[in-house]
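The report begins with a loop and then turns to the helices.

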Amino acid sequence: MCLLLGLWTGLIRIGWDFSLHSLRTVGSGPWSMMPTLTMHHGAIMVGGFLGTLISLEKVIPLKKKWLFSIPLLSASSIVFFVLHLPAISFIFLILSGAGLILVFIQYFRKDRSLIYILMLAGSVCWFVGNVLLLTRDLYPLAFPWWFGFILLIIIAERLELMKFLPVTENKKKVLILFLILLLTGILFSFQGIWKGISGLALMAISVWLMRYDIIGISTRKEGLPRFIAVALLSGYFSMLLTGVFFIVLDDQLLAYDIFVHTFFLGFVFSMIFAHGPIILPGVLGISVKPYHKILYGWLLILHISWMARVWADIFLAFDIRKVSAILSALAILGYFATVAILTTLGQRHAKVL
């Protein structure tokens, strides 16, 4: 529901008329203030959807029922966005962020590794971004912190999966240096010279991941491992371009839109596409790992969509922007529907056997 509401508000925000006129003919009720709801598209996607997904994934292994209140809080935030009580939504997201910090403290106590330091730092970024949104009510102030939240969590997860690879401690220290530069840029809200430094750091991080992640090994395999490698590679390329845009785009009218969607559509959703066939069934306690070549199609449409959006933002081609948003929504919904269908079919096949 968080994902559907996030995509829906995004489409309305970019200019599509999907605002359910029939539900607001009397001029009252939650749908009568649709423009207000669409203002919070970012919080719905980052907090409601991504925050819930990450929290749920991390609390399940701890096997403590009360911890499920953390993803429940972030998911419930969308109810108050719909009711046009955004301050309550922000408070729910702040509480969820604080809860996730506690979760990663528990993980860190069990394993004092770089992986959980990064995850803990990521959860702190989410918490700070949510606090800034409540107190300052300005999304561009929250964006750098949310950026750090998602990036640090994903990098930590990739490092966890790279444990068996021969990556030396010195090479990891280089990655840490790049991350420190990026986190410093976040502290300064990507302003002034730190915008360019953050862009260079982001480019260096993406190159490091391309070099040392399992991409080279997995691309030589077949089926799901190869798809995961392709999704990872395309995501790292999107991260690289986000860094480039940080450096070269300055006075463009829609530069902020380019930064946000190159990162969140190009990088973050590529990572979701890569991890989805493993993590999503795992969250549901299902052993099936769904895969079909059609997943490449949704991945391709996803990247065509954000690239079209960047082109449209640069040249102010607003009709193309609208089409790009439809393509993004189609790719994301098509991917999740495909994974759900393949998982169901895989379960049925397993039962027959």
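Where is the place of L316? The model is a predicted one, and in it L316 belongs to the loop between α13 (294-315) and α14 (318-352).

**Two residues with positive phi**

The backbone of L316 has a phi near 55°, which is a positive value in a residue other than glycine.

**Helix pairs**

| Helix pair | Angle | Axis separation |
|---|---|---|
| α3 (residues 41-59) and α5 (residues 86-110) | about 30° | 11 Å |
| α11 (residues 224-248) and α12 (residues 255-283) | about 165° | 8 Å |
| α9 (residues 193-212) and α11 | roughly 160° | within 7 Å |

How are α3 and α5 directed, roughly parallel or roughly antiparallel to each other? Their angle is about 30°, and angles under 35 degrees count as roughly parallel, so α3 and α5 are roughly parallel to each other. Their crossing is left-handed. On the α3 side, the residues that take part are A43, G47, G48, I54, S55, K58 and V59. On the α5 side, they are F90, L93, S96, L100, V103, F104 and Y107. Sorted by class, this contact comprises nine nonpolar, four polar and one charged residues.

The pair α11 and α12 has an angle of about 165°. Because angles over 145 degrees count as roughly antiparallel, α11 and α12 are described as roughly antiparallel to each other. The crossing of α11 past α12 is left-handed. The residues of this contact divide into 19 nonpolar, seven polar and no charged.

Helix α11 also packs with α9, at roughly 160°. By the reasoning already applied, α9 and α11 are therefore roughly antiparallel to each other. Here too the crossing is left-handed, with α9 passing α11. Residues of α9 in the contact include K195, G196, S198, L200 and M203. Those of α11 include L233, Y236, F237, M239 and L240. By class, the contact of α9 with α11 has 16 nonpolar, six polar and one charged residues.

**Residues around α3 and α5**

Which residues does L67 contact, leaving aside its neighbours within four places in sequence? They are V59, L62, V103 and Q106. Of these, V59 and V103 also take part in the contact of α3 with α5. L67 itself lies in the loop between α3 and α4 (69-82). Its relative accessible area is 1%, and because buried means under 20%, L67 counts as buried. L67 and L102 are 35 residues apart in sequence, and their C-alpha atoms are 9.7 Å apart in space.

P86 is placed in helix α5. With a relative accessibility of 23%, P86 counts as partly exposed. Apart from neighbours within four places in sequence, P86 is in contact with H40, F80 and F81. Its C-alpha atom is separated by 9.9 Å from that of L133, a residue 47 places away along the chain.

T38 is in helix α2 (residues 34-38). Is T38 buried or exposed? The relative accessible area of T38 is 7%, so T38 is buried. When residues up to four places away in sequence are not counted, T38 touches T9, I12 and R13.

How many disulfides does a search of the whole structure find? The search finds zero disulfides. Among the residues of the model are C2 and C125. C2 counts as buried at 9% relative accessibility, and C125 counts as buried at 4%.

Definitions and conventions. Residues are numbered from 1 along each chain as its sequence is written. This is a predicted model: local features need pLDDT of at least 70, side-chain atom pairs count only at pLDDT 80 or more; totals for chains, interfaces and linings use all residues. Side-chain values use heavy atoms; hydrogens and water are left out. Axes are lines fitted to C-alpha atoms, for helices over the stretch in contact, and angles run from 0 to 180 degrees between N-to-C directions. Helices (H or I, at least four residues) and strands (E, at least two) are DSSP runs, numbered from the N terminus. Angles under 35 degrees count as roughly parallel, over 145 as roughly antiparallel, 65 to 115 as roughly perpendicular and the rest as oblique. A crossing is left-handed if the near helix is turned anticlockwise from the far one by less than a right angle, and right-handed if clockwise. Contact means heavy atoms within 4.5 Å. Ala, Val, Leu, Ile, Met, Phe, Trp, Tyr, Cys and Pro count as nonpolar, Asp, Glu, Lys and Arg as charged, and the others, Gly among them, as polar. A disulfide is a pair of cysteine sulfur atoms within 2.5 Å. Buried means under 20% relative accessible area, exposed over 50%, partly exposed in between (1.4 Å probe, protein chains only).
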